[in-house]
Amino acid sequence: QVQLVESGGGAVQAGGSLRLSCLVSGYSYFYGGYWMGWFRQAPGKEREGVAAQWSTNDNANYAESVKGRFTMSRDNARKTLYLQMNSLKPEDSAMYYCAAGGSGRPLDAQTYKYWGQGTAVTVSS
């Protein structure tokens with residue numbers, strides 16, 4: 001089974017930065033034709049797409065709310081996904097998940113097959 005383990009979450013002041021990491025084990029989608037991405041979910045709200053990359057290129061799709069502030073990248077040799085988050089805002093507070101195996105719209109959580117357990121991000125004003 002594919003397993004994804006996120007790390008790097010924590011508490012940060014507004015305007016600060018965090019870098020989330022996601023280590024992928026088992027069958028990897030880094031070299032397959034699938035979307036891999038980052039999603040977030042706040043209490044009482046649906047999971048929303050933050051950023052996504054097609055597994056065979058380096059270009060990323062971003063939610064409008066994070067464009068210019070967040071950057072998704074990956075290290076295929078280390079089987080790790082990254083989400084660099086800069087200029088954080090209180091509304092960015094959420095549980096952040098990495099995911100792989102997306103086959104539809106890149107920021108649509110319902111199209112993804114594999115998920116991590118999440119890492120919490122709290123941004124205080």
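Guide: Start with a cut-off: a residue is exposed when its relative accessible area is over 50%, buried when it is under 20%, and partly exposed in between. Keep in mind that this is a predicted model.

Visitor: Why is Glu64 called exposed?

Guide: Glu64 has 62% relative accessibility. Exposed means over 50%. So Glu64 counts as exposed.

Visitor: What makes Lys67 partly exposed?

Guide: Its value is 46%. That falls between the 20% and 50% cut-offs. Therefore Lys67 counts as partly exposed.

Visitor: How do you know that Lys67 and Glu64 meet in a salt bridge?

Guide: The rule asks for a side-chain nitrogen of Lys or Arg within 4 Å of a carboxyl oxygen of Asp or Glu. Lys67 and Glu64 are 2.7 Å apart, N to O. That is within 4 Å, so the pair is a salt bridge.

Visitor: Why can such side chains pair at all?

Guide: Side chains of opposite charge can pair when their charged atoms come close.

Visitor: How many salt bridges does the rule give?

Guide: The count comes to six. One of them joins Glu48 and Arg40, at 2.7 Å from N to O. Asp92 also forms one with Arg40, with the closest N and O atoms 2.8 Å apart.

Visitor: Which parts of the chain does the pair of Asp92 and Arg40 link?

Guide: Distant parts. Asp92 sits in the loop between strand E8 and strand E9, while Arg40 belongs to strand E4. The two are 52 residues apart.

Visitor: Are Asp92 and Arg40 buried or exposed?

Guide: Asp92 has a relative accessible area of 1%. Arg40 has 6%. Buried means under 20%, so Asp92 is buried and Arg40 is buried too. Glu48 has 34%, so Glu48 is partly exposed.

Visitor: What joins Arg40, Glu48, Arg69 and Asp92 into one network?

Guide: Salt bridges that share partners. Arg40 shows the idea: it meets Glu48, and it also pairs with Asp92.

Visitor: How many positive and negative side chains does the whole chain have?

Guide: There are 12 positive and 9 negative side chains. The centres of the two sets lie 4 Å apart.

Visitor: Let us turn to the fold. What secondary structure does the chain have?

Guide: Zero helices and 11 strands. Read along the sequence, the pattern is β-β-β-β-β-β-β-β-β-β-β.

Visitor: What makes the chain as compact as a globular protein of its length?

Guide: Its radius of gyration is 13 Å. The globule rule gives 14 Å for 125 residues. The two values are close, so the chain is as compact as a globular protein of that length. Its C-alpha atoms fill a box of roughly 40 × 25 × 25 Å, taken along the principal axes. Of the 125 residues, 45% count as buried.

Visitor: Why is Ser21 called buried?

Guide: Ser21 has 17% relative accessibility. The limit for buried is under 20%. So Ser21 counts as buried. It is found in strand E3, residues 18–25. Beyond its neighbours within four places in sequence, Ser21 is in contact with residues including Val5, Trp38 and Tyr82.

Visitor: Which residues does Gln3 contact, leaving aside its neighbours within four places in sequence?

Guide: Leu23, Val24 and Ser25. Gln3 itself lies in strand E1.

Visitor: What makes Ala42 partly exposed?

Guide: Its relative accessible area is 23%. Ala42 is found in the loop between E4 and strand E5. Not counting residues up to four places away in sequence, Ala42 touches Ser93 and Ala94.

Visitor: Where is Lys79, and what is its phi?

Guide: Lys79 is in the loop between strand E7 and E8. Its phi is positive, about 55°, although Lys79 is not a glycine. Ser87, in the loop between E8 and E9, also has a positive phi, near 50°.

Visitor: Why is Ser87 called partly exposed?

Guide: Its relative accessible area is 42%. That lies between 20% and 50%, so Ser87 is partly exposed.

Conventions: Residues numbered from 1 in each chain as written. Predicted model: local features only at pLDDT ≥ 70, side-chain atom pairs only at ≥ 80, totals over all residues. Heavy atoms only, no water. Helix = DSSP H or I, 4+ residues; strand = E, 2+ residues; numbered from the N terminus. Buried < 20%, exposed > 50% of the residue type's maximum accessible area, 1.4 Å probe, protein only. Contact = heavy atoms within 4.5 Å. Rg over C-alpha atoms; globule rule 2.2 N^0.38 Å. Lys, Arg positive; Asp, Glu negative; His and termini not counted. Charge placed at Lys NZ, Arg CZ, Asp CG, Glu CD.
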